[in-house]
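Please look through the structure shown here together with the report that follows it. The text begins with one pair of residues and then widens to their surroundings and to the protein as a whole.

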Amino acid sequence: MKITLPLFFLFAASQATLAQQPDSLSVPASSFRPGSVVTLPDSMLVRQPVSNPATLLQGTVAGVYVIGNHQPGGLPMVRIRGFRSVTRDNGPIFTLNGMPLLGSDPAIVPVDALQSVSVLKDPAASWRFSAYGNNGVVELSTRQTARPGLHVSAHSYAGISIFSGRRPELLNATEWATLAFSMMRESPYYNNGDYEVRYRELLGNGPSLVIPDYVVPMGAMQGDPRTGLDRYSNNPDDPAFNKTAFKITAANKAGTDWFGAILRNGRVQQHYVNVGYGSKHWKTYAAAHSFEQQGILRFTGYERNGLLFNNDFSFWHNRLRLSQQGLLTKSIRSGLTENNGSENSSVVFQALRALPLFPVYDVAGNYSQAGPYLMPFSNPVYMLARQQDRRLNQTDFAGSLSLELDLLSSLTFRASYGQQRQKTRLNWQAPHGWEVSDPAKPYYAEDTKAEASPRRLAAELNYSLKRKTLTGEVTLGAELFRLQTAESSQTQRLDLGDPISFAGSYSTDALFSSYLHLRLSDRRWAAEASLRRLSLSQFPIDNRSGLLPTLSTVFALRPDLRIRASWGQQTAAYTLGTLTNPMLAPYSSGAQEITFGDKPERVRTLSAGVDYQPGSRLTLSAEAFQAVTRNLTERTTVFWPGNPQTIALSDGRMRNVGLELSAGYQLPVLGNGVLTLNGQVSGYRNRRTHSEYFSRTIGQFDNKPMGALFGNQTDGLIQNAQEAQQATALSRMPVAPGQLRLVDVNNDGQLNLDDRIYIGNPHPDFFFGLQSNLRYRAFEVTIQFQGVVGNNLYDQSRVYTDLMIGYSNGSRRVLSAWSPTNSGSTVPRPSAGYNYYYAPPMSYFVESGSYLQLRDVRVAYRLPKLSFVQFYVQGQNLFYLTRYLGLTPEVRPAQDEQLGRDGGVYPTARTIVAGLRFDW
C-alpha cells in the first residue's frame with residue numbers, strides 16, 4: 001500500500017463527519033455491539049434515484065469497494081474487504097428481511113421500500129449467516145409503519161440520462177482511408193494478405209488512394225451498373241447475393257460517428273405510493289411501485305413493477321409476536337447485455353473499431369453491412385437492433401414469516417421461514433447474425449425458462465440473564481437452507497429448417513447448521529462468541545461438515561474511547577461454472593478450465609479497531625483487518641509443449657490485509673442550519689499464494705494480487721531498420737521501425753510468453769467517499785464525491801485504435817504517431833497486422849485507473865405551509881476527473897480474475913431528475 005498510515009489519518013480527520021447524528025450518511029450500529037457493522041440511515045435511502053440498492057454502498061461505507069454498473073437494473077461489483085476466492089463470486093450476500101436473495105442481487109427491491117441497509121463486514125458481525133456470508137453480508141429491511149394511526153406517502157421522479165464519460169476522438173473517413181491505404185502499401189503481406197486484398201479492392205489497387213462512392217459493391221464508383229437499385233438484394237439465401245446482386249451501400253465520405261450512433265438519451269422515472277396503519281397490536285404497511293429506465297445504449301432498458309405488504313401482530317400482552325413480509329415484483333430487461341466481454345461481442349468495442357467510411361444504413365434504409373466483407377467488423381447499431389426484442393421477463397416473490405414467543409421473562413423462542421421464488425423466461429426470435437435477413441422468416445429462435453427457489457428455516461432459543469450491571473445471553477439454534485433450480489431451453493435455426501434442440505437441467509443443494517452463541521456485557525465492555533457446525537451437500541461426505549467459530553469484544557477505555565477486536569472463520573457454498581481469461585492465463589492464451597477441489601474454502605479473519613468521540617460533534621474510527629483464505633481452489637489448463645494438462649488443487653492461499661478509516665463532524669451554520677460532513681478512506685492489499693506444485697510450475701506469478709496484469713514490457717519505439725531486424729529475429733515476425741519495442745526479459749534470444757512480467761495491479765491503493773448535507777430552514781443540499789486511487793487498467797480498445805489492428809478505425813492520437821520525420825513521437829506507428837509480436841498484453845496499454853467522481857448533488861425544498869410536501873432536483877454521475885483514456889475508469893469486470901481489463905463496458909450515464917415527495 002503506497003499511502004502511509006499518518007497520511008491516512010490526516011486525510012480522514014480533514015474530512016470528519018459525525019457518524020452518530022441522525023442526518024449522517026453512515027451510522028455505526030449499537031455502540032456496544034462487537035464486530036464491524038455500519039448501517040445507512042433512512043435519510044440516506046430516500047435520496048438515491050437508482051435502480052439497484054447495491055449502488056447505495058458506493059462511496060458511503062468504509063471497507064466496501066464498489067465498481068458501478070450503468071446498465072439499467074445492473075448489479076454493481078461490491079467487494080467487502082477485498083477478494084477471497086478465484087473459483088466463485090466474491091460479492092457479499094444480500095439478505096431481505098433475513099432471507100438470502102438469489103444471485104446476491106437486490107435489483108428486485110425498490111429503494112423507497114427500504115427501512116435500513118446494514119453492512120456486516122466480519123464473521124463476528126455476520127455470525128448468523130456464517131454458512132454463506134464468507135464475503136460479508138448486506139442486510140436489507142423493508143419498511144413498517146412506525147407510528148399509530150393512518151399514514152400515506154408517495155414519491156415520484158422523472159428525468160433523463162445522457163452519456164457521461166470521455167467521448168472517444170476517432171479518425172474521420174478521409175483520415176482513416178489515408179492511413180489504411182498507407183499501411184496496406186507498406187504491409188509485408190501486400191500481395192497475398194487476406195485483409196490487404198480486400199482493402200485494395202476498397203481503396204484502390206493503384207499507387208494513389210481512391211475513396212470510393214460505394215462501399216458495397218466494394219470500391220464501386222458512381223455510374224457502376226452494379227449500384228443500380230435493380231441490383232439490390234438483402235437476402236443471403238439469394239443465389240445471386242454478393243455476385244450480381246448486392247446490399248448496395250453508399251460511402252459516407254464525411255465519416256460516421258459510430259459511437260454517437262449507438263447512444264441515445266434515456267428516460268428514467270419512478271412512482272412509489274404506500275399506505276400504513278398502526279395500532280397497539282397491529283401494524284401494517286402496503287406499497288405499490290413502478291420503475292422504468294431506458295438505457296443510453298439504443299434498445300436497452302429495464303422495467304420493474306411490484307407490490308409490498310408487511311404486517312406485525314402482537315398478542316397475549318405482547319408475549320407473542322408475529323411478523324410477515326412479502327414483496328412481489330415483475331421486471332423486464334430488454335436489449336443486448338454489455339458485460340465487458342470479448343472485443344468481438346462488445347458493441348462498445350465494435351463502435352470504436354468500426355470503419356467511418358461505412359454508413360449506418362444502406363441505400364434501401366436497411367442496416368449497412370461490413371462483414372463478411374471486412375471481418376471482424378460488424379455494424380454496432382445493428383448489433384443492438386438485432387436484440388431489441390430480446391426481453392428477459394422475470395417474476396419474483398420474496399417473503400418471510402417470523403414468530404417470537406416469550407416462554408418466560410428471560411426465555412424466548414424464535415422461529416422464521418423465508419422463501420424466494422423466481423421465474424424467468426427469455427423468448428425471442430432473432431434476424432440473421434449479419435446485417436442481412438430473409439424477410440420471410442427469422443434466423444434463430446430461443447425459448448428459455450428457468451425457475452429457482454431458495455428456502456430458509458431457522459429456530460432458536462434465547463436465554464437472557466441480568467445480575468446488577470452484568471448482562472448475559474445464550475442462543476441455541478438450527479438452520480436449514482435449501483436451493484432448487486431448474487432450467488429448460490428450446491433453440492432452433494429457422495433458416496435451415498433444423499429441428500428444435502432441447503436442453504434442460506435440475507439441481508438441489510442444501511446446507512444444515514446448528515449453532516451456539518454467547519454474549520456477556522457490562523457497562524464498559526461486551527464480549528461475544530459463537531460456534532456453528534455446518535454441513536454442505538456439495539462436497540464429498542468426508543469434507544462435508546466443519547466447525548465455524550467466532551470471537552469478538554469491545555472495551556471502553558473511557559467514555560469517549562473504545563477499542564474492539566474480533567476473530568472468526570467462515571466458509572461458503574460454491575457455484576459451478578467456467579471462466580475465460582485469455583489475458584491472464586499463466587501459460588495459455590486460450591480459455592481456462594475450472595475443476596473444483598474436494599474441500600471447501602475457509603476464511604479466517606482477524607480485525608481490531610478504535611472509536612473516538614471527544615464531544616457531541618466529532619467522531620473518528622479506525623479498523624485494521626486480515627483475512628486469509630485456506631484450501632484455495634486453483635485451476636487452469638496449462639499448455640506444456642505438446643502436452644496440455646489441467647491442474648486443479650485445493651491447498652492454495654489468498655491473503656487480504658487492510659485499513660479502514662471514517663470520521664465525522666456536524667456543526668450549526670447560519671443560525672438554525674446544520675451542516676453534516678462525512679468521510680471514509682479504505683485500502684487493502686491482496687496477495688495470492690499458490691499451492692506448492694503450482695508455485696514450482698509458475699513461480700514467477702506467485703504472491704501477486706488476484707487478477708494481476710501480466711504481459712510484455714515495452715521499452716519505447718523501434719527507431720531504425722537495424723533495431724527492426726533485431727526485433728524480427730527475436731519474434732520471428734516482420735517488425736518495422738516505429739513499432740513498440742518488446743523486452744526479451746530472460747535474454748534467451750526470443751520473444752514469447754516466457755518473457756511476460758507483472759505489469760500492473762488492478763486493485764486500488766485506497767478508495768474514499770466524501771459526503772456533505774446542509775439543512776437550512778426549508779432547504780436541503782446534499783453533495784457526494786467518491787473516488788479510487790492507485791489501480792491499473794488495461795485498455796484493450798487502445799490495442800486496436802492506437803495500432804489500427806486489422807485496419808480498424810484509429811484514435812486521433814495516431815495522427816501524431818512515429819514516422820521517419822517524427823521520430824520523437826511516443827505514439828507507435830499503426831501497423832494493422834495483429835501478429836505474434838503484438839499478441840501478448842503489453843505494458844504500453846496499462847494506465848492509471850484513479851479518478852474522482854461527483855457522485856450525487858441534490859437540492860430539495862419543503863413547502864413552508866405544507867411541510868409534508870417536498871420538491872427536489874438531483875444529478876448523479878455528473879463528472880469524472882481522471883487521466884484514464886478509456887470511456888470510463890469504472891470498469892466492472894465480467895469475472896473477478898478479469899479485474900482491471902477494459903474489454904468494453906456499458907457507458908456511464910449522467911442522470912438528471914426532478915422529483916416530488918409527499919409524506920402525510
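Are E847 and R798 buried or exposed? In this model, which is predicted, E847 is buried, and R798 is buried as well. The side chains of these two residues meet in a salt bridge, with a distance of 2.9 Å from N to O. Because E847 belongs to strand β35 and R798 to helix α10, the pair ties together parts of the chain that are 49 residues apart in sequence.

**The helix and its sheet**

Helix α10 covers residues 796-803 and lies across β34, β35 and β38, running at about 45° to β34. The helix is mostly covered, since eight of its eight residues are buried. These buried residues are Q796, S797, R798, V799, Y800, T801, D802 and L803, and what covers them includes α6 (347-353) as well as the strands β34, β35 and β38. After α10 comes M804, a residue whose phi is positive, near 55°.

The three strands under discussion form an open sheet in the order β35-β34-β38, and their pairing is mixed. Its edge strands are β35 (846-848) and β38 (901-902), each of which pairs on one side only. Strand β34, made of residues 792-795, runs parallel to β38 and is joined to it by two bridges. Within this part of the sheet, Y794 stands opposite R901 in β38.

**Salt bridges**

A search of the whole structure finds 32 salt bridges.

| Side chains | Distance, N to O |
|---|---|
| E292 and R267 | 2.6 Å |
| R564 and D611 | 2.8 Å |
| E847 and R798 | 2.9 Å |

The side chains of E292 and R267 meet in one of these salt bridges. This pair links distant parts of the chain, with E292 in strand β13 (residues 282-294) and R267 in strand β12, 25 residues apart.

R564 is buried, with a relative accessible area of 14%, and D611 counts as buried at 14% relative accessibility.

**A hairpin**

Strand β20 (residues 501-521) and strand β21 (residues 525-536) pair in the antiparallel sense over 11 bridges. Together β20 and β21 form a hairpin, with three residues between them. Across this pairing, Y515 stands opposite R532 in β21. In a regular strand, the side chains alternate between the two faces of the sheet.

**The surface**

Which residues make the nonpolar surface patch of about 820 Å²? The patch is made by L150, V275, Y277, W282, F313, F315, W316 and W920. Two strands, β12 (266-278) and β14 (301-315), each supply at least two residues of this nonpolar patch. V275, one of the patch residues, lies in strand β12.

**The protein as a whole**

The secondary structure of the protein comes to 10 helices and 39 strands. Of the 920 residues in the protein, 54% are buried. The accessible surface comes to about 37300 Å², and carbon and sulfur atoms account for 57% of it. Finally, among the contacts between residues at least 6 apart in sequence, 70% join residues that are at least 24 apart.

Key: Residues numbered from 1 in each chain as written. Predicted model: local features only at pLDDT ≥ 70, side-chain atom pairs only at ≥ 80, totals over all residues. Heavy atoms only, no water. Pairing = 2+ DSSP bridges. Helix = DSSP H or I, 4+ residues; strand = E, 2+ residues; numbered from the N terminus. Contact = heavy atoms within 4.5 Å. Axes fitted to C-alpha atoms, helices over the stretch in contact; angles between N-to-C directions. Buried < 20%, exposed > 50% of the residue type's maximum accessible area, 1.4 Å probe, protein only. Areas by Shrake-Rupley, 256 points an atom, 1.4 Å probe, with all protein chains shown as cover. Patch = residues over 30% accessible without salt bridge, like charges linked within 9 Å, V, L, I, M, F, W, Y side chains within 5 Å. Salt bridge = Lys/Arg side-chain N within 4 Å of Asp/Glu carboxyl O.
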